[in-house]
Amino acid sequence: MNRILGIGSRIEHPEHGKGVVTNVTSQMYWVTFMDKGLETIATDADFTVIEAAEDEVDTVSFYEVEKSLREILKKWSDVSEIVPIADKYRGGTLILQPKDSSLSNKEIPIETFFHKIVMLRDRLRVMEQKINASKSMDDQDKIDLQQYITRCYGSLTTFNVLFKNQSQQFKGESAK
């Protein structure tokens, strides 16, 4: 592995010219170039080192640490993430109307319904983790239950329209 340059190192890049390293991660340099301004380049990019700063370099940015911590907490805790509802449904009402007109409708705030869907999704995830971590189940039983949970996610994809962020939606089996 090549040595990571410290902040303050001066380099010359074939495309951008001369510049100074102003921030560093394990994969990228933020370099302020004299003619091009701030650019990011890969740590293994083609450039010439004019003067290497000998400062100790923290090769993991605060953003990377925060992102990793968030993923660990999401995976291993019962705390559910904040999941926003799609803007068009905020403040709306879900109306369950029976076929028999002599019976009354049931109205539910859509945020309440959405919260229950999110709780169901989170509980399925916890169940999935417990299945994966189980020492008493054999591999075939784990696979069977995983497939069943995946089909449950697939059944819930109808409710994806309620999610503001696509990354938080249900994902079931994809067509092969």
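**Checking the labels**

Author: In this structure phenylalanine 114 and phenylalanine 163 are each buried, where buried means under 20% relative accessible area, exposed over 50% and partly exposed in between, with a 1.4 Å probe and protein chains only. The model is a predicted one, in which local features need pLDDT of at least 70 and side-chain atom pairs count only at pLDDT 80 or more, while totals for chains, interfaces and linings use all residues. Residues are numbered from 1 along each chain as its sequence is written, and side-chain values use heavy atoms, with hydrogens and water left out.

Reader: How many aromatic pairs does a search of the whole structure find?

Author: The search finds three aromatic pairs, where rings of Phe, Tyr and Trp (its six-membered ring) pair if their centres lie within 6.5 Å, and planes under 30 degrees apart count as stacked, over 60 as edge-to-face and the rest as tilted. One of them joins tyrosine 29 to phenylalanine 47, with 5.9 Å from centre to centre and 80° between the planes.

Reader: What makes the pair of tyrosine 29 and phenylalanine 47 edge-to-face?

Author: The 80° between their planes is over 60, and the 5.9 Å between the centres is within 6.5 Å, so the two rings are an edge-to-face pair. This pair links distant parts of the chain, 18 residues apart, with tyrosine 29 in strand 3 (residues 28–33) and phenylalanine 47 in the loop between strand 4 (37–42) and strand 5 (48–51); helices (H or I, at least four residues) and strands (E, at least two) are DSSP runs numbered from the N terminus.

Reader: Why is tyrosine 29 called buried, and why is phenylalanine 47 called buried?

Author: Tyrosine 29 has a relative accessible area of 1%, which is under 20%, and therefore counts as buried. Phenylalanine 47, at 17%, is also under 20%, so the label applies to that residue too.

Reader: What makes phenylalanine 114 and phenylalanine 163 an edge-to-face pair?

Author: Their centres are 5.0 Å apart, which is within 6.5 Å, and their planes stand at 70°, which is over 60, so the pair is edge-to-face. Because phenylalanine 114 lies in helix 2 (residues 110–133) and phenylalanine 163 in the segment after helix 3, the pair ties together parts that are 49 residues apart in sequence.

Reader: How do you know that aspartate 87 forms a salt bridge with lysine 164?

Author: A salt bridge is a side-chain nitrogen of Lys or Arg within 4 Å of a carboxyl oxygen of Asp or Glu, and the closest N and O atoms of aspartate 87 and lysine 164 are 3.4 Å apart. The two residues are 77 residues apart, aspartate 87 in the loop between helix 1 (62–76) and strand 6 (93–96), and lysine 164 in the segment after helix 3. Arginine 90 also forms a salt bridge with aspartate 87, at 3.2 Å, and Asp87, Arg90 and Lys164 are linked in a network of salt bridges.

Reader: Why is lysine 164 called partly exposed?

Author: Its relative accessible area of 43% lies between 20% and 50%, so lysine 164 is partly exposed. Aspartate 87, at 48%, falls in that range, and arginine 90, at 47%, does so as well.

Reader: Why does glutamine 146 count as buried?

Author: Glutamine 146 has 16% relative accessibility, which is under 20%, and therefore counts as buried. This glutamine 146 lies in helix 3 (residues 139–155).
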